[in-house]
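Welcome! Please take a look at the structure below before reading on.

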Amino acid sequence: MTVAQPINSVLRRLPAGTIYIVSALYACWEFWRALNQLGPYLVEPINVLERAYGEIALILMVAGLTVTPLRKWTGLNLLKFRRAIGVSAFFFVLAHFLVFAVLDVQSLSRVWEEVVKRPYVTVGMASFVMLIPLAMTSNNLSLRKMGAASWRKLHKLTYPAAVLGALHYLWLAKGFQIEPLIYLILVLALVGARYVSLERKRQPASG
């Protein structure tokens with residue numbers, strides 16, 4: 001018996017909806033702490049909340065990218081959770097954007113000015129826009145209507161969205177910070193590994 005087998009046995013009994021519940025509770029918890037200026041929210045609670053939502057969104061995007069490699073390399077099967085992870089990532093990206101737009105700049109015209117003027121906001125917005133069709137089609141009805149091939153093609157937007165999200169985080173960091181760099185390296189490595197895997201699958205067919 002491999003190490004992954006008992007873990008997979010436990011995971012099979014765990015509903016995928018648990019991811020949504022935990023994500024919602026975490027979002028509410030952070031918002032409540034910001035509202036009451038507790039812990040890290042004592043100074044500049046809006047900026048801290050904006051960053052907290054953005055960071056958890058990026059963590060979830062990285063987690064989604066690791067599902068296939070983990071299954072391939074360790075036997076750990078998290079496929080049933082991938083959709084919930086992806087949708088939750090979008091939920092936190094949306095929350096990140098809303099804190100920025102509604103609580104921080106407080107104006108749609110200012111949002112547009114920031115997108116045009118600041119490159120890190122531009123790439124962040126591009127990532128957000130890419131995630132919108134993915135979240136809207138992350139359901140069985142969309143999969144059936146679009147067909148598996150078209151659905152998979154659309155959901156490849158996950159990869160550039162993740163890269164731009166990590167670049168957004170790195171770009172907005174003040175000075176040299178190791179954490180944003182680690183996220184970018186992780187995302188690039190996971191996207192690169194996926195690309196190599198797809199290329200290897202194509203080679204026998206073209207030979």
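## A buried glutamate

Keep in mind that this is a predicted model. Let's begin with Glu-50, which sits in helix H3, spanning residues 45-74. Glu-50 is buried, yet it has no salt bridge. The nearest side chain of opposite charge belongs to Arg-51, and it is 7.9 Å away.

What does Glu-50 touch, leaving aside residues up to four places away in sequence? Its contacts are His-96, Val-99, Phe-100 and Asp-104.

## The nonpolar core

The largest nonpolar core holds 45 residues. Tyr-53, Phe-92, Phe-97, Val-111, Leu-131 and Val-187 have the most contacts inside this core. Two or more core residues come from each of H2 (17-35), H3, H4 (79-105), H5 (108-117), H6 (119-136), H9 (158-172) and H10 (178-206). Helix H4 gives the largest share, with 12 residues.

## A nonpolar patch on the surface

Turning to the outside, Phe-31, Leu-35, Ile-46, Leu-98, Val-102 and Leu-103 form a nonpolar patch, with about 520 Å² of accessible area together. Helices H2 and H4 each supply at least two of the patch residues, and the largest share, three residues, comes from H4.

Notes. Residues are numbered from 1 along each chain as its sequence is written. This is a predicted model: local features need pLDDT of at least 70, side-chain atom pairs count only at pLDDT 80 or more; totals for chains, interfaces and linings use all residues. Side-chain values use heavy atoms; hydrogens and water are left out. Helices (H or I, at least four residues) and strands (E, at least two) are DSSP runs, numbered from the N terminus. Buried means under 20% relative accessible area, exposed over 50%, partly exposed in between (1.4 Å probe, protein chains only). Lys and Arg count as positive and Asp and Glu as negative; His and the chain ends are not counted. A salt bridge is a side-chain nitrogen of Lys or Arg within 4 Å of a carboxyl oxygen of Asp or Glu. Contact means heavy atoms within 4.5 Å. A nonpolar core is a set of buried Ala, Val, Leu, Ile, Met, Phe, Trp, Tyr and Cys residues joined through side-chain atoms within 4.5 Å. Patches are made of residues with over 30% relative accessible area and no salt bridge: like charges are joined within 9 Å, nonpolar side chains (Val, Leu, Ile, Met, Phe, Trp, Tyr) within 5 Å. Accessible areas come from the Shrake-Rupley method with a 1.4 Å probe; for residues, only the protein chains shown count as cover.
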